[in-house]
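Please examine the sequence and the structure shown below. The briefing that accompanies them is organised by topic.

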2 protein chains.
Amino acid sequence: MKLPETIVWTGKSIRLLDQTLLPGAVKYRECATLEEAAEAIRSLRVRGAPAIGVMAAYTLALAIRRDNPQSAAAFFDSMRRNVEAIDATRPTAHNLAWALRQCAAVAKRTGSDDPGTLSRAVIDEADRIAAEDRELCRRIGAAGSPLVPDGAGVLTHCNAGALATAGMGTALAPLYMAWEEGRRFHVYADETRPLWQGARLTAWELSQSGIPVSVLCDGAAASLIASGRIDLVIVGADRITASGDVANKIGTYGVALAAERHDVPFYVAAPRSTFDLSLSDGSSIPIEQRPPGEVTAPLGTPLAPAGVEGWNPAFDVTPASLVTRFITDAGVIAPPFYETIGTLFGGEATGGGEREGGNRPG
Amino acid sequence: MKLPETIVWTGKSIRLLDQTLLPGAVKYRECATLEEAAEAIRSLRVRGAPAIGVMAAYTLALAIRRDNPQSAAAFFDSMRRNVEAIDATRPTAHNLAWALRQCAAVAKRTGSDDPGTLSRAVIDEADRIAAEDRELCRRIGAAGSPLVPDGAGVLTHCNAGALATAGMGTALAPLYMAWEEGRRFHVYADETRPLWQGARLTAWELSQSGIPVSVLCDGAAASLIASGRIDLVIVGADRITASGDVANKIGTYGVALAAERHDVPFYVAAPRSTFDLSLSDGSSIPIEQRPPGEVTAPLGTPLAPAGVEGWNPAFDVTPASLVTRFITDAGVIAPPFYETIGTLFGGEATGGGEREGGNRPG
């Protein structure tokens, strides 16, 4: 199983797979300065909430290393400036801010006044965030793999794969795991307008691993499901409410409706960090509107006539009633979700920082 | 109400709106020879089944005129050769073959051996086909207009408008009529991957008429409907079975599922010629697969990695149970469709040539 290494810390730089060039070119980019790393985040060379979190943490480690502080005061000054600079690259990315806070907190917690020790703590925390992300993906994969039978047709939407995380992804993790266990299946990837993550990224990473994949237009998903070729649908999630309503990439809801109509299981794979128990249901999930030009001028080519507006929400909400199972790092849960989601968080506080950030492929 | 003139017979040439250039450029193209007209059909400068039928008839008239036959024998020889040449431009276009047959039959029926009279009969028949198409569109518009309330949000898919016919279209005809009657509304046009007819053509012709229109990605239609902005969905049809199952542009079925879920009326506008009573239900409708490159390399830009397959059906089938009303040139019909469709064809034979061809926007 050949999974792409989205982000690697070399010890003195960050090596990342430039996702803006995929699949035409597979090019790794070496970021040796704050400027280079910040540009990579801003320009979406790295994307997917978990991957962005990992990138932010390593970028902080890199920037402090370049500043080479000679005192604790210089270290904390460097950290403050760099956290601010990195934070500004994508102001609405939850995982980015969360990862930076984690690193800063860990450094403070050392109680050390040795700049070397402090810098080391930041690097260690970045390593820990990356390792935790890999482990969450692995657990989701292990939990979901038994749901992927030999000979299946599988439909997915957007990219919630290795490219969106430091590990094997969320929605794609059960597929990678099932494939490694020897089961064979065919994946259909919705192209995922407006940004084509399915055609560009999901198709690429699956075919890199030798998993057969076909791409289709988003509008063709319902008739693909009606044709009987699909045995399960599996998608990631951006946010899941206490009731089990799912915000995910625009287009997910329509796929869920078609799956229900044809009695095809609809699985949502996400780590517990994606559940936001402060939201009781989907109506309270804010939906970001993206630039209309992504619709009216695809690939930069103006298609709609001048003056015509584009309606371009980034996400839609799939009601819990359309979800067959959630596949999480703590196992697979079934309805009634209001109860079973509660049990996921049994002994824990529900508003913690770890869940605020965490693993959200975008 | 400014509707585009898709095809105009000037008396010695065909002037057509070059749809391959829309909406970037509004250019009329003058076809004065068989070769120019055939190229226009082949290159999809004119599209939509009814418009292609009209174009084929005028192309035949044009080609015979250029041959300038001096005897009945020369006329029929010219007609035979030109019918063959035009027929070959788009071998699967039903309306094209139908229109050519109509013209040939009418010429023969004159019983004349004057080449001028025979040529005139072909031109008259082409005029009649165009006028009939305009009249069918007008009747559909009149029947459907009362279903479009003031202040409505209207969703449509693909282009079943003036650009696909010689008249005001099928799905868009009730909208044009309602607008002329003074009611105001907002149209949302699915971009309609893979060929973008919604973004390019529907958005263009509506905005030309001053009707406000927004374009959205096909995957966003379900959440647009869920948002409460849509009061009715109206689409055209390629073929409708005796039971009321509807083959239409890929993506239609998903829109119908979302409309049903949110109790939004789903209207299908089509002339009686679109009903194919030889088919009992949707499972017997053949679905054409189009070139995979339309999916994997949108606008000619390869997006999916090499070796990844595209799944690209041209049409999908929406079951009759999801259709609220059919809007036809003989009025609006409600369920049970098996009965009400029968009444549309009450006194008529059901296998006639007129219905085999006829008005099918594509």
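This is a predicted model: local features need pLDDT of at least 70, side-chain atom pairs count only at pLDDT 80 or more; totals for chains, interfaces and linings use all residues.

Chain A is divided by the domain assignment into domain 1 (7–138) and domain 2 (147–344). Chain A and chain B bury about 3800 Å² between them, while domain 1 of chain A and domain 2 of chain A bury about 1500 Å².

**Overall form of chain A**

- Chain A contains twelve helices and 15 strands.
- With a radius of gyration of 20 Å, close to the 21 Å that the globule rule gives for 362 residues, chain A is as compact as a globular protein of that length.
- Along the principal axes, the C-alpha atoms of chain A occupy a box of roughly 65 × 55 × 40 Å.

**Contact between the two domains of chain A**

- The centres of domain 1 of chain A and domain 2 of chain A, taken over C-alpha atoms, lie 28 Å apart.
- To this contact, domain 1 of chain A contributes 19 residues and domain 2 of chain A contributes 17 residues.
- Carbon and sulfur atoms account for 63% of the area of about 1500 Å² that the two domains bury between them.
- On the side of domain 1 of chain A, the residues that lose the most area to domain 2 of chain A are R47(A), L136(A) and C137(A), which together make up 35% of what that side buries.
- The count of salt bridges between domain 1 of chain A and domain 2 of chain A is zero, whereas six residue pairs are found in polar contact across this interface, both residues being at pLDDT 80 or more.
- Two or more residues of the domain 1 side come from each of α2 (49–67) and α5 (115–144) of chain A, and α5(A) gives the most, with six residues.
- By class, the side of domain 1 of chain A that touches domain 2 of chain A comprises eleven nonpolar, four polar and four charged residues.

**Interface of chain B and chain A**

- In this interface, 49 residues of chain B are in contact with 49 residues of chain A.
- Of the area of about 3800 Å² buried between the chains, 69% is given by carbon and sulfur atoms.
- R261(B), L303(B) and W311(B) are the residues of chain B that lose the most area to chain A, together 20% of what that side buries.
- Four salt bridges are counted between chain B and chain A; R261(A) and E260(B) form a salt bridge through their side chains at 3.6 Å, N to O.
- Twelve residue pairs are in polar contact across the interface of chain B and chain A, both residues being at pLDDT 80 or more.
- The elements that give two or more residues to the chain B side are α7 (197–208), β6 (213–216), α8 (221–226), α9 (252–261) and β12 (309–311) of chain B.
- The largest share of that side, six residues, is supplied by α9(B).
- Sorted by class, the side of chain B that touches chain A has 29 nonpolar, eleven polar and nine charged residues.

**Salt bridges over all chains**

- The count over all chains comes to 38 salt bridges.
- D18(B) and R45(B) form a salt bridge in which the closest N and O atoms are 3.0 Å apart.
- This pair links distant parts of the chain, 27 residues apart: D18(B) lies in the loop between β2 (14–17) and β3 (28–31) of chain B, and R45(B) lies in the loop between α1 (34–42) and α2 (49–67) of chain B.

Technical notes:
Residues are numbered from 1 along each chain as its sequence is written. Chains are lettered from A and ligands numbered from 1 in the order in which they are written. Side-chain values use heavy atoms; hydrogens and water are left out. Domain bounds come from an automatic or database domain assignment. Contact means heavy atoms within 4.5 Å. Buried area is the accessible area (1.4 Å probe) that two parts lose on being put together, summed over both. A polar contact is a pair of N or O atoms within 3.5 Å; within protein, one must be able to donate a hydrogen and the other to accept it, and residues adjacent in sequence count only if both atoms are side-chain atoms. Helices (H or I, at least four residues) and strands (E, at least two) are DSSP runs, numbered from the N terminus. Ala, Val, Leu, Ile, Met, Phe, Trp, Tyr, Cys and Pro count as nonpolar, Asp, Glu, Lys and Arg as charged, and the others, Gly among them, as polar. The radius of gyration is taken over C-alpha atoms; the globule rule is 2.2 Å times the number of residues to the power 0.38.
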